[in-house]
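Let's take a walk through the inside of this one. Have the sequence and the model open side by side, and follow along residue by residue.

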Amino acid sequence: MGIEPYESALDDVPGAHPYPRSSRYAGIDIGVHTLPDGTEVRYARRRLLPSLAQAAEDAVPHVVGSGERADQLGQRYFGDPGQWWRIADANPVLEPRELTAEPGVEIAVPLPGGFTGGVGGGPGVRHG
């Protein structure tokens with residue numbers, strides 16, 4: 001099931017949607033906060049992530065090699081270096097450098113189409 005041509009064309013239209021389809025925020029609800037002067041401020045709501053145990057069920061192990069970077073793993077496993085966030089979401093890290101900081105450590109890599117990292121979810125945070 002691919003993206004329809006007219007839908008993918010929206011990625012190039014400013015204002016068509018707030019985030020590109022490849023963004024971790026693509027399916028997140030957009031909230032609106034109204035300031036006292038009536039100005040509306042739009043913001044991305046928090047992403048809901050499954051527990052790390054649940055994420056591990058839809059992942060394969062990867063042993064970190066010397067000199068590897070999160071963007072390289074995104075390219076290797078998803079064909080896009082910008083998809084490093086999918087791997088970060090499936091591991092207990094706060095920033096992408098932590099994924100590959102220690103060679104020999106095993107990390108979880110989500111299967112394509114498996115763990116979605118909360119894309120399309122509503123407000124929330126990781127529990128567990």
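Predicted model: local features only at pLDDT ≥ 70, side-chain atom pairs only at ≥ 80, totals over all residues.

Skipping neighbours within four places in sequence, Leu99 is in contact with Val64, Ala70, Trp84, Ile87, Ala88, Asn91, Val93 and Ile107. Several of those names come back when you look at the largest nonpolar core, which has eight residues: Leu99 itself, plus Val64, Ala70, Leu73, Ile87, Ala88, Ile107 and Val109. At least two residues of this core come from each of helix 3 (70-78), helix 4 (84-89) and strand 4 (106-110).

Now turn to helix 3. Its buried residues are Ala70, Leu73 and Gly74. Look down the axis of helix 3 and these buried residues fall within an arc of 105°, so they line one face of the helix. And what sits over them? The cover includes strand 3 (59-63), helix 4, helix 5 (97-100) and strand 4. Just past the end of helix 3, have a look at the backbone of Gly79, where phi is positive, at about 75°.

Last stop: Thr100, which lies in helix 5. Is Thr100 buried or exposed? It's buried: the relative accessible area of Thr100 is 11%, and the cut-off for buried is under 20%. Leaving out residues up to four places away in sequence, Thr100 touches Val64, Glu68, Arg69, Ala70 and Leu73.

Key
Residues numbered from 1 in each chain as written. Heavy atoms only, no water. Core = buried A, V, L, I, M, F, W, Y, C linked by side-chain atoms within 4.5 Å. Buried < 20%, exposed > 50% of the residue type's maximum accessible area, 1.4 Å probe, protein only. Helix = DSSP H or I, 4+ residues; strand = E, 2+ residues; numbered from the N terminus. Contact = heavy atoms within 4.5 Å. Arc of directions from axis to C-beta.
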